[in-house]
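Welcome! Have a look at the chain below, and then we will walk through it one piece at a time.

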Amino acid sequence: MYEQDEEKMTPLDQMIAEDQLQMLKAAIPYSNPRFQPILSVFAKCLELERTISLFTQPTELSMMSENTHSTSNPIDMLNDIARFATGERKESLEAFIQTFETLQLVHTCGEVQNDTE
């Protein structure tokens, strides 16, 4: 089940998520309701601290760039973003992606037709 949850995490979240932090966040709903806000803020502060340290160490950033493709097209980016969307936003993104891909296909067919004339 952890692999499925990890799949829903962005590359940045995967890099800053440590087991202890994830365990703390998972325990918050079970803690005393008076302490939940404090624990939530504490968890977010730890995430912020980890993010800041990540960007001060360029060697770790190279791990994130390996997951991205400098030659990727906008559709690749939109497909990645759509994985994290839900409901109407997801439907809108998927409709936009499908429209964009259709336009690319029409454009490609037009180029092929011009080349054969």
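## Terms to start with

A residue is called buried when its relative accessible area is under 20%, exposed when it is over 50%, and partly exposed in between (1.4 Å probe, protein chains only). Helices (H or I, at least four residues) and strands (E, at least two) are DSSP runs, numbered from the N terminus.

This is a predicted model, in which local features need a pLDDT of at least 70 and side-chain atom pairs count only at pLDDT 80 or more, while totals for chains, interfaces and linings use all residues. Residues are numbered from 1 along each chain as its sequence is written, and side-chain values use heavy atoms, with hydrogens and water left out.

## The overall picture

What is the chain built from? The protein chain has seven helices and zero strands, so from the N terminus on its elements read α-α-α-α-α-α-α. Of its 117 residues, 16% count as buried. The accessible surface comes to about 9400 Å², and 59% of that belongs to carbon and sulfur atoms; such areas come from the Shrake-Rupley method with a 1.4 Å probe, and for residues only the protein chains shown count as cover.

Now for contacts, meaning heavy atoms within 4.5 Å. Among the contacts in the protein chain with a separation of 6 or more, 44% are between residues 24 or more positions apart.

## How confident is the prediction?

The predictor's confidence in each residue is its pLDDT, on a scale from 0 to 100. The protein chain averages 81, and 76% of the residues score at least 70. Which elements have the lowest and the highest mean pLDDT? Helix H1 (residues 2-7) has the lowest, 49, and helix H4 (residues 36-55) the highest, 93.

## One side of H6

In helix H6, the residues Ile75, Leu78 and Ala82 are buried. They lie on the same side of H6, because they cover an arc of only 65° around the axis; the arc is that of the directions from the helix axis to the C-beta atoms. An α-helix has 3.6 residues a turn, so residues three or four places apart point the same way.

Asparagine 79 also sits in H6, which spans residues 74-82.

## The nonpolar core

A nonpolar core is a set of buried Ala, Val, Leu, Ile, Met, Phe, Trp, Tyr and Cys residues joined through side-chain atoms within 4.5 Å. The largest one here has six residues: Ile75, Leu78, Ala82, Ala85, Leu93 and Ile97. H6 and helix H7 (87-116) each supply at least two residues of this core, and H6 gives the largest share, three residues. Leaving out residues up to four places away in sequence, alanine 82 touches Lys90, Leu93 and Ile97.

Lysine 25 lies in helix H3 (residues 19-27). Lysine 25 counts as partly exposed because its relative accessibility is 28%. Apart from neighbours within four places in sequence, lysine 25 is in contact with Ala43, Lys44 and Glu47.

Not counting residues up to four places away, glutamine 22 touches Met9 and Ala17. Glutamine 22 and alanine 43 are 21 residues apart in sequence, with 8.7 Å between their C-alpha atoms.

## The cysteines

How many disulfides does the model have? Taking a disulfide as a pair of cysteine sulfur atoms within 2.5 Å, the count is zero. Cysteine 45 is partly exposed at 45% relative accessibility, and cysteine 109 is partly exposed at 46%.
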